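The structure is shown first.

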Amino acid sequence: MRVIGTVGLPGSGKGELADVAREAGIPVVTMGDIIREECRRRGLDPATDHGKIAKALREEEGDDAIAARSLPVIEEHLESNDVVLVDGLRSDVELDRFREAFGDEFVLVSVEAPFETRAERLLDRGRDASDTDVEALKQREARELDFGMGEAMDRADVVIENTGTLESYRETITRLFEDGPGAVTEADA
């Protein structure tokens, strides 16, 4: 059993990593989906209220609320899969929760890229308003860093610098899944 978590600022490449996992048949638990589900449960629009609900859940249930809500989904996938990907940790508190639950079987991967590169990717993606507005992106990043994302990134077991081609990035991800974190650390350090 192995649980791989991802952390990274918007546009770093976490979504592409999750896509490669899905293509390899690895189940993906997206922490943002937990928040989107709660938005809908509260009758709110996930596109506009995602940040507000993420903050509310943490205030109501503790800083590890989204991780705690993810655990049953991850454990269900582990019943029939050797590897599960947890997409989108936002804090060191969430990291602690997963390490407490899975011990040495939990590996955190920080996906990193410079702001300008990420801003270009988000502009191309255009998923929401913060993707096309540089100031909104800066505010979004500040909110996520306030949750403790920077601390989680600093504590990652593996760092992938996603600054090259999409093909080389996908090859690195495939190596991570096929050969384990050591293969990526050795090849990409």
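The model is a predicted one.

Helix 1 spans residues 14-23, and its buried residues are Lys14, Leu17, Ala18, Val20 and Ala21. These residues lie on the same side of helix 1, because they cover an arc of only 160° around the axis. The elements that cover them include strand 1 (2-7), strand 2 (28-30), strand 3 (83-89), strand 4 (106-112) and helix 10 (166-179). Just after helix 1 comes glycine 25, which takes a positive phi of about 80°.

Helix 10 packs against helix 1 at an angle of about 55°, and the two axes are 10 Å apart. That angle makes helix 1 oblique to helix 10. The crossing of helix 1 past helix 10 is right-handed. From helix 1, the contact uses Lys14, Glu16, Leu17, Val20, Ala21 and Glu23, while helix 10 contributes Leu166, Tyr169, Arg170, Ile173, Thr174 and Phe177. By class, the residues of this contact of helix 1 with helix 10 are seven nonpolar, one polar and four charged.

Two packed helices are described by the angle between their axes and the distance between the axes. The table gives these values for the helix pairs in this report.

| Helix pair | Angle between axes | Distance between axes |
|---|---|---|
| Helix 1 and helix 10 | about 55° | 10 Å |
| Helix 2 and helix 3 | roughly 100° | within 9 Å |
| Helix 3 and helix 4 | about 85° | 8 Å |

Helix 2 covers residues 31-41, and its axis crosses that of helix 3 at roughly 100°, coming within 9 Å. Helix 2 is therefore roughly perpendicular to helix 3. In this contact, helix 2 supplies Gly32, Ile35, Arg36, Glu38, Cys39 and Arg40, and helix 3 supplies Pro46, Asp49, His50, Ile53, Ala54 and Leu57. The contact of helix 2 with helix 3 has six nonpolar, two polar and four charged residues.

Helix 3 (residues 46-61) also packs with helix 4 (residues 65-78), at an angle of about 85° and with the axes 8 Å apart. This angle makes helix 3 roughly perpendicular to helix 4. The residues in contact are Ala54, Leu57, Arg58 and Glu61 of helix 3 and Ala65, Ile66 and Arg69 of helix 4. They divide into four nonpolar, no polar and three charged residues.

**Two buried residues**

Isoleucine 53 is placed in helix 3. Its relative accessible area is 2%, so isoleucine 53 counts as buried, the cut-off being under 20%. Apart from neighbours within four places in sequence, isoleucine 53 is in contact with Ile35, Glu38, Cys39, Arg42 and Leu44. One of these, cysteine 39, is 14 residues away along the chain, with a C-alpha separation of 6.4 Å from isoleucine 53.

Alanine 67 belongs to helix 4. At 0% relative accessibility, alanine 67 is also buried. With neighbours within four places in sequence left aside, alanine 67 is in contact with Met31, Glu94, Arg97 and Phe98. Glutamate 161 lies 94 residues from alanine 67 in sequence, and their C-alpha atoms are 25 Å apart in space.

Methods: Residues numbered from 1 in each chain as written. Predicted model: local features only at pLDDT ≥ 70, side-chain atom pairs only at ≥ 80, totals over all residues. Heavy atoms only, no water. Buried < 20%, exposed > 50% of the residue type's maximum accessible area, 1.4 Å probe, protein only. Helix = DSSP H or I, 4+ residues; strand = E, 2+ residues; numbered from the N terminus. Arc of directions from axis to C-beta. Contact = heavy atoms within 4.5 Å. Axes fitted to C-alpha atoms, helices over the stretch in contact; angles between N-to-C directions. Parallel < 35°, antiparallel > 145°, perpendicular 65-115°, else oblique. Left-handed = near helix turned anticlockwise from the far one by under 90°. Nonpolar A, V, L, I, M, F, W, Y, C, P; charged D, E, K, R; others polar.
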